[in-house]
Amino acid sequence: MQWNLRLRAAERGIWKSAELRRMLAEAGLEISAGKMSSWWAGTPITMRLDDLDVLCDVLGCTMNDLMSPEPDKVAARRPHAADAVNGDDQPAGSSPSQTPVRPRPGTPRSTPPL
């Protein structure tokens, strides 16, 4: 996902992260300076939906305005077609039906304590 926070903030005339942080605090979302810095400087790895809701409200935008999909990056993460057909652990030229399924030996489960 492409993160468009700075663009949406600039459209509202917000040029500094401290200003946005203050506006979020006024809306009831107290976040640390470090968290605000990570939102402002790059794409957050995770975000709480409650936080996203307040952020959208403060900026007067929707979630779709803040994030946009990047299908090229998704396609780049997919395995190559040959790997998908052969499987990661299958040698070329063999098929899954030729590989026997063997049960793993193990001990039966113990009984729970009394």
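## Cysteines

Cys61 is buried, at a relative accessible area of 14%. This value comes from a predicted model, as do the others in this report. Cys56 also counts as buried, because its relative accessibility is 9%.

Neither cysteine is part of a disulfide, as the structure holds zero of them. The sulfur of Cys56 has its closest cysteine sulfur in Cys61, at 4.4 Å, which is too far for a bond. The cut-off for a disulfide is a pair of cysteine sulfur atoms within 2.5 Å. Seen from the other partner, Cys61 is in no disulfide, and the nearest cysteine sulfur is that of Cys56.

## Overall architecture

The chain contains seven helices and two strands. Read from the N terminus, its elements follow the order β-α-α-α-α-α-β-α-α.

Of the 114 residues in the chain, 23% are buried. The accessible surface amounts to about 9,100 Å², and carbon and sulfur atoms contribute 54% of that area. Among contacts with a separation of 6 or more, 60% are between residues 24 or more positions apart.

Helix α2 spans residues 17–26, and its buried residues are Leu20, Met23 and Leu24. These residues lie on the same side of α2, because they cover an arc of only 100° around the axis. An α-helix has 3.6 residues a turn, so residues three or four places apart point the same way.

On the other side of α2, the exposed residues are Ala18 and Glu26. Just after α2, Gly28 adopts a positive phi of about 100°.

Which helices are included in what covers the buried residues of α2? The cover includes α1 (5–11), α3 (33–41) and α4 (49–59).

For the pair α2 and α4, the axes are 10 Å apart and the packing angle is about 110°. The two helices, α2 and α4, are therefore roughly perpendicular to each other; that class takes in angles of 65 to 115 degrees. At this contact, Leu20, Met23 and Leu24 in α2 meet Val54, Leu55, Val58 and Leu59 in α4. Leu20, Met23 and Leu24 are the buried residues of α2, and α4 is among the elements that cover them.

Asn4 is located in the loop between β1 (2–3) and α1. Is Asn4 buried or exposed? With a relative accessibility of 11%, Asn4 counts as buried, since the limit for that class is under 20%. Leaving aside residues up to four places away in sequence, Asn4 touches Asp65, Leu66, Met67 and Ser68.

Arg8 belongs to helix α1. Its relative accessibility of 17% means that Arg8 counts as buried. With residues up to four places away in sequence again left out, Arg8 touches Leu59, Asp65 and Leu66.

Key:
Residues are numbered from 1 along each chain as its sequence is written. This is a predicted model: local features need pLDDT of at least 70, side-chain atom pairs count only at pLDDT 80 or more; totals for chains, interfaces and linings use all residues. Side-chain values use heavy atoms; hydrogens and water are left out. Buried means under 20% relative accessible area, exposed over 50%, partly exposed in between (1.4 Å probe, protein chains only). Helices (H or I, at least four residues) and strands (E, at least two) are DSSP runs, numbered from the N terminus. The arc is that of the directions from the helix axis to the C-beta atoms. Contact means heavy atoms within 4.5 Å. Accessible areas come from the Shrake-Rupley method with a 1.4 Å probe; for residues, only the protein chains shown count as cover. Axes are lines fitted to C-alpha atoms, for helices over the stretch in contact, and angles run from 0 to 180 degrees between N-to-C directions. Angles under 35 degrees count as roughly parallel, over 145 as roughly antiparallel, 65 to 115 as roughly perpendicular and the rest as oblique.
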